[in-house]
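Biologist: Could you take me through one part of this structure up close? I am new to this, so please go step by step.

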Amino acid sequence: MAVNKRIPVKWIRDAAKKAYVKQDKCFVCGTTENLELHHLHSISVLLEDWCKKHEVDISTDEAVLAIRDQFISEHKHEIYDLVYTLCNAHHVKLHGIFGKSPPNFSVGRQEKWLSIQKAKAEGTYEATPSPFTKFIKEK
C-alpha cells in the first residue's frame with residue numbers, strides 16, 4: 001500500500017461538498033463577493049478525533065476512502081448544519097482569532113463572535129459594560 005498522496009481531510013471534504021448549502025451572502029456583512037463556507041467544527045479535528053476513537057489508521061488514500069462515508073454519516077450535523085457562509089475577509093478574521101483548525105470547545109465562542117460582528121455591521125451592537133467599570137475612577 002502506498003502512503004497518502006493527498007491530505008486525508010481533502011478526501012472527506014470532496015465527498016461532503018456535494019451536499020453543502022452555501023448562502024448567497026456573508027452572514028456578518030451581507031456582501032455577495034468571495035463567499036466561503038466556515039465549519040464551526042474543524043473537519044480536520046473531527047477526523048483526527050474520530051480515528052483515535054475508532055482506532056483507525058488513515059495513512060493511505062485507500063484507508064481514508066474506506067471510512068469516508070461512515071465518518072460523514074456520523075458527523076452530518078457538524079459538517080452540514082453547523083456552518084456559516086462568510087466573505088473571505090470575515091473568514092480570515094475568524095481564523096486569525098480562533099486558529100487554522102479551531103478546537104471543538106470554541107464553537108460557542110465562534111458563534112458569539114460571529115453574532116457580535118454581525119451586530120456591529122448592522123449598527124445594532126451594544127457592548128455589555130464590564131463588571132469592573134464601577135471600580136474605575138472617572139477623571
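Modeller: Happy to! Please keep in mind that this is a predicted model. The general idea is simple: side chains of opposite charge can pair when their charged atoms come close.

Now look at how open this pair is. Arg-6 has a relative accessibility of 28%, so it counts as partly exposed. Asp-14 is partly exposed too, at 33%.

Searching the whole structure turns up two salt bridges, and one of them joins Glu-48 to Lys-52, where the closest N and O atoms are 3.3 Å apart. Both residues sit in helix 2, which covers residues 43–54, and because they are four residues apart there, about one helical turn separates them. Glu-48 has a relative accessible area of 46% and is partly exposed, whereas Lys-52, with 58%, is exposed.

For a contrast, turn to His-90 in helix 5 (residues 88–98). His-90 has a relative accessible area of 12%, so it is buried. Setting aside its neighbours within four places in sequence, His-90 is in contact with Cys-26, Val-28, Cys-29 and Trp-113.

Definitions and conventions:
Residues numbered from 1 in each chain as written. Predicted model: local features only at pLDDT ≥ 70, side-chain atom pairs only at ≥ 80, totals over all residues. Heavy atoms only, no water. Salt bridge = Lys/Arg side-chain N within 4 Å of Asp/Glu carboxyl O. Buried < 20%, exposed > 50% of the residue type's maximum accessible area, 1.4 Å probe, protein only. Helix = DSSP H or I, 4+ residues; strand = E, 2+ residues; numbered from the N terminus. Contact = heavy atoms within 4.5 Å.
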